[in-house]
Amino acid sequence: MDTRFLAGAARADSTPPIGTCLYGYMPNHKSTYLHDPISVTALALSQHGKTALMMTTEIGNIQTALNDELAAVLAADIGIPVEHILISCTHTHTAPNLAGTPGWGEIDREYFDGIFLPAARKAATEAVAKLAPAELAIGVTESKVGINRRIQYPDGSIGLEQNPYGCFDPNMTVIAFRNAETKEGILNLIHYGCHGTSAGHDTGIGRDWSGPMIDRLQTESRTLTAFWNGAVGDVGPRNSNGSTAAIIAYTEELGGVAAMDAMRAYRARGGYHAGKLGIFTDTVHLPHQKMPSLEEVEAKLATFTDVESLFNLKKLEYEHYKETEAFWKNGGGEIPTEFTFPQTLISLGDVIFIPFPFEMFSEIVMRLRIYSPYPYTLSLSNTNGSNLYLPSEDQLCRGGYEVGCFLYGHLFPLASNTDQHIIDENMRIIREHTK
């Protein structure tokens, strides 16, 4: 058995044709040009006979069932357990729809089958084929590319604009992997948390603000570079126009700032050392809240008008109440007490990656980082599925778009203190697997 720490990385193009619908805003928001190609990047890690695959895709979200389908194909291709695979999304809003959330349009199955799936398979198999003795170095810097986007207006309502007094995670981390023998670069992994919406009102296909950042570090280091997104739930891009959604000119501008930050983190990296791979698999248990009664649901439905024109959050809310109404009228049935999902944590010595199938609020991942025994605790939003937003409990009373998605995204909504439960569950997994 090879006891050395091994790593390999590869990228494959996953760019859709012009005319493809872009995910994130209106259901039929079609692309009219290509600004920059999008891709899939895979990082394979192996030691002591165990292999893990971390994949980052330049996509908004991937529906959980579709993600499971993809993971099963990749596991069969490369011969590892499906639970050893993490599939993340950079959350760009200028890429095809693989989420299929009610109100945002249907999954682009033609794109998935014809372009995305072949690209993911190619990247994964090549990354595993390139496994070689490796070492890594870590650099961290402060970045203000992101900013809290839950602004509270004078009337108390919440909007999606830059909030200068709100919480956001300023840490940008670069993990540089290189061949332990030749010293040639394998991959630069950039981790930061921010929505990919700086070009959200544009019609060009692209990676959003992370694109220029990736390209600059890749050029300067002469090493394949990719981005994994952190806490995106309440963090938007700090565009110079004061908005968190704009057009491509602001993407290029902000991407330049991100590029300088990434280069600073890369130059601040410490000495290289061999990784120590850990793969911790378990199940996360999150409690549900009490369901509304049929009478309460019917009263809510009575407030909706012109339902055929609904989209985005209002459509999601309406569909939630219709589904709840159907549940009660069909005799109810067993109401689950908890929501569960399979969890896989990947550690590399001082580093641990904690994936979430949610758009995580920044305070949650920052608390988790403080509680964690790992010096570099990197949470990954939009990984291994999509269950919309996970707000911190203190934000629920304020409402707003993200809170609405949390409340109406599923037939059985999660409890208000899910943030604490998800921290507790991941800390339990860490303790049980690192005794």
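Is Arg109 buried or exposed, or partly exposed? Arg109 is partly exposed, with a relative accessible area of 35%, where buried means under 20%, exposed over 50% and partly exposed in between, for a 1.4 Å probe and protein chains only.

1. This is a predicted model, in which local features need pLDDT of at least 70 and side-chain atom pairs count only at pLDDT 80 or more, while totals for chains, interfaces and linings use all residues. Residues are numbered from 1 along each chain as its sequence is written, and side-chain values use heavy atoms, with hydrogens and water left out.

2. The structure holds 24 salt bridges, each defined as a side-chain nitrogen of Lys or Arg within 4 Å of a carboxyl oxygen of Asp or Glu. One of them joins the side chains of Arg109 and Glu69 at 2.5 Å, N to O; this pair links helix H2 (residues 109-129) to helix H1 (residues 64-78), 40 residues apart, helices being DSSP runs of H or I with at least four residues and strands runs of E with at least two, numbered from the N terminus.

3. Arg150 forms a salt bridge with Glu402, with the closest N and O atoms 2.7 Å apart, and the pair connects strand E8 (residues 150-152) with helix H8 (residues 401-408), 252 residues apart. Arg150 is buried at 2% relative accessible area, and Glu402 counts as buried at 0%.

4. Asp282, Glu425, Arg428 and Glu432 are linked in a network of salt bridges.
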